[in-house]
Amino acid sequence: MDRLFMKSKDMAEVTVEGLYRDLERRVISSPVGQCPVDMAAAFLRMCHAQSCGKCIPCRVGLGQLQIMIEDVLSIDKTVDISILDDLENTAEAIRISSDCAIGSEAAKMILRGLKGFRNDYESHILNHSCDDTVISKRQSVPCRGGCPAGVDVPGYVSLVRAGRYDDAVKLIRKDNPFPTVCALICEHPCEAKCRRNIIDSPVNIRAIKRFAVDNCSETVETPKKMDKTGKRIAVIGGGPSGLSAAYFLSIMGHDVTVFEKRTQLGGMLRYGIPSYRLPRERLQWDIDAIAAAGVEFKTDYDVKSEEAINEIKNNFDAMYISIGSHNHKNLGIPGEFAKGVIPAVEMLRGIGDDAMPDFHGKSVAVIGGGNVAMDVARTAKRLGATEVSIVYRRRRDDMTALPDEIGGAIAEGCTLLQLKAPSEIIVDKSGNVKGLYVQPQIASEADKSGRPKPIDADQPREKIHCDIVISAIGQATDIEFFEKYGIPVYRGTIKAENTSVVDKVQGIYAGGDCVTGPSTVINAIAAGKVAAANIDSYLGYNHEIAVDVEIPVPELEDKNPRGRIELNERYAAERGGDFEAVELPMTREESLAECSRCLRCDACGFGSFRGGRIEKW
């Protein structure tokens, strides 16, 4: 008689695994505005279904938690607020006494919920309804809700499909004056919540935007400037946030002057992002459109003296501070001030002004794991470095850089050294870099960010040969002068409300990196939009930004799964030696295929009767 058999999955197992994948996609694409108590109840039911039944805390305890939460959610039952104490005590007992992770992690989930959204539990008990904040945040169009600037994604996707590229750009500019920049480098948070995820994978929104800006007219008309108000607004900083605020305020009829410290406009777009990702002529196209809206620019103007800021304060009705994070952070290790140690932001700033360093025949070590580290590593290769090593103290999975950027650096010949913490830069007698000592690390418990904390491994230090060390461990904002002037500062950033109003200082607003710390381009643009609206209100107006573009009616189509169209790239061996654009645009055929995947949430489902389209703001 046979004793062993090869394991094979029956139809039920295969189907259940497919259902789990479907569930994962639904969880990933869950939009904001979901009732957190209802979601906790659903997750708890799934956890209870996974219980083996061996231990009472898991088998019985999770069932009791489920009953209590269902009582909280019931509109037919009246429960006392003290049920939350019972819920907390029961969950804590399960967390401590459950035999395995099924019970203990389910209990932790409930405890986190009681701490994180207790108001929602209380609202269901007292009012038999979700909390007002949940109701106000409900999104009918997840991609638009996921975009910090609130761009009408389904609208411009449908316009691209119809071949109306100029109209698509106009619609994007209603909320974001940098359509080309975002088409090339945006981190596309809109895609994370795309409802197409439920079927297969999110729509390639950024690629569709790229197709629009690649195929629109050479000049797309900007909105007509509204009647002059006679009000003057100063914008300090010519980066994405400042230029966005200036664009909208100028359209509203105000006279706007941008004061920029450097020779050219763009901020970190020009001085922090290499041209192989964002070609300078494409950036300039967006800046020219902002200038066409009537914005005045004063470059080489450093607002860093009391006289300069007093002049602005006395001659302008409002001020928006939007300086970027152009300072580097020190490594804090021996040898960091040796010849050949280059801060990443300084290197990219020089390149922005066409001052190219010569790395021919040099071995380069880049310290850091963010997008800036990937940018300087790939740039070093293009500048002739024979070897580029990316040294990072955590694992690749813990890097903050986009996966595509990491993959691109490796494809172009950069070496990724994971779990290596720099401990000392080796310096010769002449003060030049000769190498880098690193201490091997091992991943341990997760920190507050959820990433495993690296700790020293029981191994000796290792030596990495290099002639150049590029530091890309973070950026800081130079706000010391503003603090001396009386602008409130907290932990290296300007204190401002989410309305961009600077605390306790009338007429001064702030946004972008100087408030949030180094962030994404789309977040900076959103801050500029918010500031423009609130400065306009402060000055006593209520101008509304709109665009006269008719959106095509959705086409009736089956919603069958189909492949997502990805942008192609030039071959790594070809692109690694120049600064030409890496990504290749879509073809018309590809754009039509990808646009057809959009579910048009603006006109279907919830979007058909609640907030499907925001015509103006």
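**Entry 1: the sheet 3-2-1-4-18**

I began with an open sheet of five strands, ordered 3-2-1-4-18 and paired in parallel. Strands here are DSSP runs of E with at least two residues, helices are H or I runs of at least four, and both are numbered from the N terminus. Two strands count as paired if DSSP finds at least two bridges between them. The model is predicted, so I kept to the rules that local features need pLDDT of at least 70 and side-chain atom pairs pLDDT 80 or more, while totals for chains, interfaces and linings use all residues. Residues are numbered from 1 along each chain as its sequence is written, and side-chain values use heavy atoms, leaving out hydrogens and water.

At the edges I found strand 3 (296-298) and strand 18 (508-510), each pairing on one side only. From one strand to the next, the twist averages 20°. Angles run from 0 to 180 degrees between N-to-C directions, and axes are lines fitted to C-alpha atoms, for helices over the stretch in contact.

Next I looked at strand 1 (residues 232-236) and strand 2 (residues 255-259), which run parallel and are joined by five bridges. Arginine 232 sits opposite aspartate 255 in strand 2. Helix 13 (residues 240-251) packs on this sheet, touching strand 1, strand 2, strand 3 and strand 4 (318-321), and its direction makes about 165° with that of strand 2. Contact means heavy atoms within 4.5 Å. Helix 22 (residues 521-538) lies across strand 1, strand 4 and strand 18, at about 165° to strand 4.

**Entry 2: the sheet 6-14-7-8-9**

I then looked up another open sheet of five strands, in the order 6-14-7-8-9, with parallel pairing. Its edge strands are strand 6 (341-343) and strand 9 (415-417), which each pair on one side only. The twist averages 25° from one strand to the next. Strand 8 (residues 387-391) pairs with strand 9 over three bridges, in the parallel sense, and serine 389 has threonine 415 as its bridge partner in strand 9. Helix 17 (residues 344-352) lies across strand 6 and strand 14 (468-471), at about 75° to strand 6.

**Entry 3: around strand 11**

Strand 11 (residues 433-446) pairs with strand 10 (residues 420-427) over seven bridges, in the antiparallel sense. I noted alanine 421 opposite glutamine 439 in strand 11. Their hairpin has five residues between the strands, and glycine 431 takes a positive phi near 85°. Strand 11 also pairs with strand 12 (residues 452-456) in the antiparallel sense, over four bridges. That hairpin has five residues between its strands too, with glycine 450 in the turn at a positive phi of about 90°.

**Entry 4: helix 9 and helix 10**

How do helix 9 and helix 10 run relative to each other? The axes of helix 9 (residues 153-161) and helix 10 (residues 165-173) come within 8 Å and cross at roughly 170°. The two helices are therefore roughly antiparallel, a label for angles over 145 degrees. Gly155, Tyr156, Leu159 and Val160 in helix 9 meet Tyr165, Asp167, Ala168, Leu171 and Ile172 in helix 10.

Definitions and conventions. Angles under 35 degrees count as roughly parallel, over 145 as roughly antiparallel, 65 to 115 as roughly perpendicular and the rest as oblique.
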